[in-house]
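Hi everyone, thanks for coming. Let's have the structure up on the screen, and then I'll walk you through it.

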Amino acid sequence: AQLVSGTTAQDLTVDNINTTSINSGQASGRKNLIINGAMQVAQRGTSSTSSGYGTVDRWNNSYLADASATFTQHALTSSDSGPYEEGFRYSNHVANGDTAAGGTQSMNFQQPIESQNVSLSGWNYTDPNSFITLSFWAKSSVGQTFNMSVMTIDGTTKNFPFDVALSADTWTKVTKTIPGNSGLQIDNDNGEGVRININVFTGTSYTDNSVANDTWANWSSSNRFRDNTSTWFTTNGATFEFTGVQLEVGSTATDFEHRSFGEELSLCHRYYYLVGSQARD
């Protein structure tokens, strides 16, 4: 199989057929700005030990330094009470392979969102009385508080950090409402405008307790989050998973916008297209 990838539709060509038109204006008519929030599509494979885009489409499974992990598209069952009843059949799952929490180590999941999909969404992002709401299901084998954030990338990078407390082995519905801010810039183009960070661990080289949660501030590499608990990261074999990620305009989390596999795959094709051999009977 030949793998062809590009960061934008303009960069993407498959078998000499230009796919610039794939999903142009993809956010139009859809309330969820996240692509593949139900973790249905995994064109590259269902398991990876590499940092980067290795499993579930649109989710960058990122780690730094000598961290070790196995990322999988994990099948949910009826025992996954909460997300299963809401129609979710997959999660983005990581199993830890570390026992030491170094200062330069980190592990997180990221989804970049095109600027134009946010700027045209209806969110008045420079108005503190206009809101977007992030919601998702999360589960950890270790009970502790985890750091998360939403970032804007255009202009001066801004960061909106917040904490999520999870009980061990229990699915929890996370909801965070985020106001606009006069310092935000989101361009009307196909560059990265907003980034979602679902963070499992960040070493002390990148954290500081001076960081204020639940407010916008200039992003700093050495002050990304408040100092976080390292218990999960120092527990060999610890697991973390999430699904049902939705980012929508408004101050209330509404029911997840379920899309068919075909529609979700089409949205993912804007960024990555797997070309395989033709199936034969």
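Let me start with a question: which ring has Arg58 lying over its face? It's Tyr271, with Arg58 at 3.7 Å from the ring centre.

Some housekeeping. This is a predicted model, in which local features need pLDDT of at least 70 and side-chain atom pairs count only at pLDDT 80 or more, while totals for chains, interfaces and linings use all residues. Residues are numbered from 1 along each chain as its sequence is written, and side-chain values use heavy atoms, with hydrogens and water left out.

How confident is the predictor? The chain averages a pLDDT of 88, and 88% of the residues score at least 70; pLDDT is the predictor's confidence in each residue, from 0 to 100. Over residues 1-28 the pLDDT stays under 50, and the model has 51 contacts there beyond four places in sequence, a contact being heavy atoms within 4.5 Å. Where pLDDT is low, the predicted coordinates should not be read in detail.

Now the inside. The largest nonpolar core has 45 residues, and Ile198, Trp232, Phe240 and Phe242 touch the most other members. A core here is a set of buried Ala, Val, Leu, Ile, Met, Phe, Trp, Tyr and Cys residues joined through side-chain atoms within 4.5 Å. Buried means under 20% relative accessible area, exposed over 50%, and partly exposed in between, with a 1.4 Å probe and protein chains only. Strand 13 gives the largest share of this core, five residues. Strands are DSSP runs of E, at least two residues, and helices are runs of H or I, at least four, numbered from the N terminus. Another core, of six residues, lies apart and includes Trp137 and Trp171.

Phe240 and Phe242 turn up again in a cluster of ring pairs, together with Trp59, Tyr63, Phe71, Phe109 and Phe146. There are eleven aromatic pairs in the structure. Rings of Phe, Tyr and Trp (its six-membered ring) pair if their centres lie within 6.5 Å; planes under 30 degrees apart count as stacked, over 60 as edge-to-face and the rest as tilted.

On to charges. The structure has eight salt bridges, each a side-chain nitrogen of Lys or Arg within 4 Å of a carboxyl oxygen of Asp or Glu. In one of them, Glu263 meets Arg30, with the closest N and O atoms 2.8 Å apart. That pair links distant parts of the chain, 233 residues apart: Glu263 is in helix 2, and Arg30 is in the loop between strand 3 and strand 4. Glu263 is partly exposed at 30%, and Arg30 is partly exposed at 24%.

Which residues form a salt-bridge network? Glu257, Arg259 and Glu264 do. Glu257 to Arg259 is 3.1 Å, and Arg259 to Glu264 is 3.0 Å, N to O. Arg259 counts as buried because its relative accessibility is 9%, and Glu264 does so at 1%.

Terms used: A charge sits over a ring if NZ of Lys or CZ of Arg is within 6 Å of the ring centre and within 35 degrees of the ring normal.
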